[in-house]
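Let's take a friendly walk through a protein model, from its domains to its cores. Keep the structure in view as you read.

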Amino acid sequence: MLALSLVAVATAVQLLLWAAPGDPIDLLPNGEELREQLSVEWGLDQPIAVRVLSYLAQASTGNLGISLAYRPGMPVIDVLLQPALTSLGLLSGAVVLSLAWGTALAVWTRGQRRQSRRLVRVLSVAPVFLLAHIGVHGINELTFSLIEAGNIARPAWFALPAEASLVRSTLAIVLLAVGSGSLAEIHQEVEQALLTIRRSGFVDAARSRGEPTTLLIARHLLIPVASLAAARTGFLLGGLVILEKVLLINGAGAILWQAALLRDVPVALGITLFSAATVCLARLAADAVRIGLDPRLRGGSR
Amino acid sequence: MTLRALTIASLLAATAVAAPLRYAEDRAPPIVNPLFTTTMSEARLAELVFEGLYTDDAQLSSIGRLATSLELAEDRMSAIVHLKPGVTWHDGETFDSADVLFTVRALKNEKTASTDRGRVAFIKQVTAIDDHTVQFTFEREEYAPEDKLHFKLLPEHVFAGTAVKRTDTFRTKPIGTGPYTVDHFNDDNSISLLQYDNYHDATRLGAITMREVADKNYQSKLLLYESLEALVRVMPRDLATLQADRKIELYPYQTNSWWYVGFQQARPPFDDARVREALTAMVDVESLLAPIGTGEVVTGPFVTSSPYYNHKVERRTLNESKSSQLLEAAGYSRSGEYWTKGGEPLTLRLTAQESLETSQDVVIALQSQLESQGVKVEPTFVGAAEWKSKVWNDRDFDAVLSQWSFDRSEDITEQFHSGGKLNFGSYRNADVDTLLEEARDTSDPQRKKSLLRDAHAAIAADAPMIFLWTLDSYSAVSRRVDNVVIHPFYYFTWSREWELR
């Protein structure tokens with residue numbers, strides 16, 4: 001299933017990229033002079049179908065090709081390794097944080113206190129890139145005024161986002177976890193699941209027996225939370241592309257942006273495959289959690 | 001005890017490394033190899049790492065860098081160049097004649113496919129007389145060959161042959177003779193340079209860091225926050241803010257670049273000079289320029305400070321009656337909102353590059369001016385790849401808003417010769433072709449000046465473009481940096497004198 005998904009993604013993305021106007025040779029000042037030579041070298045002289053199939057065959061052996069324009073000559077794997085780890089770190093942090101906050105808020109609101117729900121929606125409604133601009137500008141201006149006034153020494157992370165620091169990464173994770181409706185949606189869905197579980201028969205039964213229900217509810221809540229995490233992974237990956245660009249974080253999203261501008265198809269493809277694999281693996285993990293927690297799913301077909 | 005001593009030694013060593021001068025680029029160069037320079041960010045970096053036989057002095061006259069002297073033969077068909085002794089490459093190897101020969105041959109090698117091949121087209125042959133003397137033989141008479149010997153030199157011992165590839169490992173491990181060595185390509189896309197210890201001349205900055213900051217608004221902010229020391233070019237809207245800051249100094253410099261609206265002359269209606277002239281007469285260039293910065297309006301394909309600029313060519317000004325007459329003569333009539341011909345409104349599909357600073361402001365103002373005078377304008381903004389594909393390859397546009405930038409040679413042949421590779425507006429004028437060919441062929445500076453001034457006048461008369469302006473450029477540098485002098489094209493040419501307090 002994972003392999004099929006990756007093949008479908010690689011094929012679709014290639015068709016889109018090759019259909020876009022321009023190619024990496026166009027961006028060289030002497031591109032037309034070099035077109036014949038580079039077309040052969042980079043396989044651009046082949047029909048699109050052949051290019052797509054060749055790439056699939058090559059990628060199936062673990063070879064994602066060579067960067068054409070972003071880092072000319074460098075294997076795509078080497079280009080992507082560190083940025084992919086950076087992005088995975090941010091993504092995991094954002095998924096965990098959004099779920100933790102969403103769940104905590106759901107437990108707190110439990111279908112009541114409408115004012116707080118409205119607050120969450122307002123906070124969460126702004127797109128990630130806008131929050132990032134406001135966040136960076138606000139933090140920088142405040143810090144700078146404190147430095148200028150002699151109230152604080154210049155912090156090592158200043159000024160955002162140019163300095164790589166824990167502050168910048170934390171800001172990225174928080175914004176990704178909250179922005180573009182993430183927190184509001186997770187809050188709403190977890191709250192709904194929580195209410196459903198609390199009203200279910202097995203919780204009533206446990207309650208009538210005088211048994212504690214907290215662990216029971218938490219255990220059953222894990223299943224929808226895991227599914228939610230998997231569903232949000234793809235969405236957050238999209239936000240990451242913009243966020244990394246705004247916060248000058250050299251992750252896979254920022255490189256995808258550059259690769260697309262430079263028509264560096266192998267690098268762009270490598271990143272989309274990485275993204276697709278991440279989403280697929282998140283879904284697999286969610287399924288594993290469901291199977292682990294729900295005995296009905298382990299019993300086989302009856 | 002030993003461990004403590006080592007720790008103290010390493011701490012001392014760490015503090016001994018000078019704070020770097022940090023400057024920003026929109027995009028970090030993916031490779032550092034002067035044979036394949038495609039962007040100004042690469043050219044600026046190459047200026048720090050590599051050197052040529054000659055460079056510019058403060059008056060933009062050629063002065064020896066890796067050459068000590070040049071003896072031009074009486075027939076001007078050859079020259080002997082003496083190389084500076086005691087120069088070493090960043091890996092410690094000695095610089096000698098073999099490196100000069102290698103660079104010229106690598107540039108000329110078709111398999112290298114260098115973007116700078118044209119720079120050595122005037123060289124017929126180069127031979128080594130001894131380790132520190134080379135002889136150049138020219139294709140034709142040369143009056144000042146040192147002006148053409150500015151191309152950067154590469155170390156012969158690093159390459160297997162003269163067919164150099166963009167993808168050679170040299171791209172990220174460059175070795176030059178320049179004042180700075182590339183220390184590291186960092187994960188955040190910044191590039192760290194360190195002063196070369198055995199540099200053959202004095203240099204004062206201990207380290208330089210190029211930082212990639214794609215957002216120009218952030219670049220200015222980072223300078224204000226003292227997270228950068230130099231901003232190569234200030235956006236016009238940031239000038240007032242930076243000028244008011246006591247920690248920042250603005251340095252004006254002239255660039256050889258000018259803006260234009262270029263027509264597609266291969267098909268109607270802009271194959272008709274009357275239509276092009278009519279549109280030119282509808283544009284108030286000064287009012288287009290005012291919101292985006294300061295500069296000088298140009299009447300032709302050179303900047304006003306150029307020796308080739310023809311100051312006798314009169315500036316075209318807004319003239320509605322003239323534009324009406326020209327359009328009527330071209331068969332257009334105006335009864336409603338737009339000028340029409342055969343029932344079709346006169347439409348200008350105007351394409352501009354997204355990356356061209358303030359192009360949106362100019363396009364909107366231009367659209368407003370033309371629409372108010374009966375021309376329908378359909379603007380499109382495109383990225384770099386689409387620009388190349390749509391404009392350069394397919395020539396699918398009515399007009400483009402863009403700018404041309406030139407190096408010291410100011411050679412406009414490719415843009416205006418009927419066979420020019422960059423003549424994507426399909427401009428054709430046999431007289432201009434002849435003038436440009438003669439100007440390119442002559443080595444007599446006076447004759448070249450006269451020919452190009454004539455070409456300026458002839459091109460302006462044909463109105464293949466609405467020539468707009470050359471913008472004033474400002475660099476912003478922290479006041480902690482002393483002795484700042486900026487080269488108008490390569491920026492860092494005179495950075496050896498810069499000093500960071």
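Domain bounds come from an automatic or database domain assignment. This is a predicted model, where local features need pLDDT of at least 70, side-chain atom pairs count only at pLDDT 80 or more, and totals for chains, interfaces and linings use all residues. Residues are numbered from 1 along each chain as its sequence is written, chains are lettered from A in the order in which they are written, and side-chain values use heavy atoms, leaving out hydrogens and water.

For chain B, the assignment gives domain 1 (17-215) and domain 2 (256-471). Here is how the two domains of chain B relate:

| Item, domain 1 and domain 2 of chain B | Value |
|---|---|
| Distance between C-alpha centres | 35 Å |
| Buried area (accessible area, 1.4 Å probe, lost on being put together, summed over both) | about 580 Å² |
| Share of that area from carbon and sulfur atoms | 36% |

Ten residues of domain 1 of chain B are in contact (heavy atoms within 4.5 Å) with six residues of domain 2 of chain B. One salt bridge (a side-chain nitrogen of Lys or Arg within 4 Å of a carboxyl oxygen of Asp or Glu) is found across this interface. B:Arg140 forms a salt bridge with B:Asp441, with the closest N and O atoms 3.9 Å apart.

Now for the cores. A nonpolar core is a set of buried (under 20% relative accessible area, 1.4 Å probe, protein chains only) Ala, Val, Leu, Ile, Met, Phe, Trp, Tyr and Cys residues joined through side-chain atoms within 4.5 Å. Which members of the largest nonpolar core touch the most other members? Of its 61 residues, they are B:Leu53 and B:Phe136. Another core, of 59 residues, lies apart from it and includes A:Leu97 and B:Leu239.

Key:
Buried < 20%, exposed > 50% of the residue type's maximum accessible area, 1.4 Å probe, protein only. Buried area = accessible area lost by both parts, 1.4 Å probe.
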